[in-house]
Amino acid sequence: MKYIIPENKKIRIAISGKSGCGNTTVSKLLAETLNIKMINFTFRSLAEETGLSLPEIIEKAKTDDSFDIAVDTRQVEMAKEDSCVLGSRLAIWMLKEADLKIYLNASDEVRASRIQNREGGNLEDIAAFTRMRDEQDSSRYKKLYNIDNNDYSFVDLEINTALYNPEEIVDKIISLLLERKLLNLQK
């Protein structure tokens, strides 16, 4: 099936979730399906750009707010340019003009297992690192933006990604876009 964005309209879809929830996978698949840009500029992207490791970036971000502000500002600016899927930890809070806000979640165990599958390593170490990272992220978001990233009660759609595969999640999102007339089926 081919989907088209209504004429003279841009759609911006914000997708958030903690590490290992399938944010990047779902965002990429949705962007490909809709043939729009996918924006996922994160600490991981910043690490690749700067040559620092992800743990180094996370450590520096504890005392230097410029890392968070650089990532958050850049991705929102990119998202305002055209139709897109913005997939990031703070997308649903930061992209105020999003037409659709989606929160992906999964249990801590599922998330740690997915991260292990993606990056390798010891499952217990990954689970501990992920818990620490979640706590630090929440603390920084509260301090920097007064955002409680555990309160996503305002989203248009919340999906437990342990219950569906990425294709099924994209189908749910597309159904809502069609229902809200933010997207049309090409005839």
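Guide: Of the 187 residues in the protein chain, 46% count as buried. Bear in mind that this is a predicted model. One of the buried residues is asparagine 149, and that's the spot I'd like to walk you to.

Let's get our bearings on the way. The chain's secondary structure comes to eight helices and seven strands. Along the principal axes, its C-alpha atoms fill a box of roughly 50 × 35 × 30 Å. The radius of gyration is 16 Å, which agrees with the value near 16 Å that a compact globule of 187 residues would have. Now look at who touches whom: take the contacts between residues at least 6 apart in sequence, and 74% of them join residues at least 24 apart.

Now for asparagine 149 itself. You'll find it in the loop between helix H7 (123-145) and strand E6 (157-160). Its relative accessible area is 6%, and buried means under 20%, so asparagine 149 counts as buried. What does asparagine 149 touch, not counting residues up to four places away in sequence? The answer is Lys18, Trp93, Tyr103, Ser138 and Tyr141.

Asparagine 8 is in the loop between strand E1 (3-4) and strand E2 (12-16). With a relative accessible area of 81%, asparagine 8 is exposed. Its phi is near 60°, a positive value in a residue other than glycine. Most residues other than glycine have a negative phi.

Asparagine 35 lies in the loop between helix H1 (23-34) and strand E3 (37-39). Its phi is positive too, near 55°. Is asparagine 35 buried or exposed? At 65% relative accessibility, it counts as exposed, because the cut-off for that is over 50%.

The protein exposes about 9,800 Å², and carbon and sulfur atoms supply 47% of that. As for charge, there are 27 positive and 31 negative side chains, and the centres of the two sets lie 4 Å apart.

Terms used. Residues are numbered from 1 along each chain as its sequence is written. This is a predicted model: local features need pLDDT of at least 70, side-chain atom pairs count only at pLDDT 80 or more; totals for chains, interfaces and linings use all residues. Side-chain values use heavy atoms; hydrogens and water are left out. Helices (H or I, at least four residues) and strands (E, at least two) are DSSP runs, numbered from the N terminus. Buried means under 20% relative accessible area, exposed over 50%, partly exposed in between (1.4 Å probe, protein chains only). Contact means heavy atoms within 4.5 Å. The radius of gyration is taken over C-alpha atoms; the globule rule is 2.2 Å times the number of residues to the power 0.38. Accessible areas come from the Shrake-Rupley method with a 1.4 Å probe; for residues, only the protein chains shown count as cover. Lys and Arg count as positive and Asp and Glu as negative; His and the chain ends are not counted. The place of a charge is taken as NZ of Lys, CZ of Arg, CG of Asp or CD of Glu.
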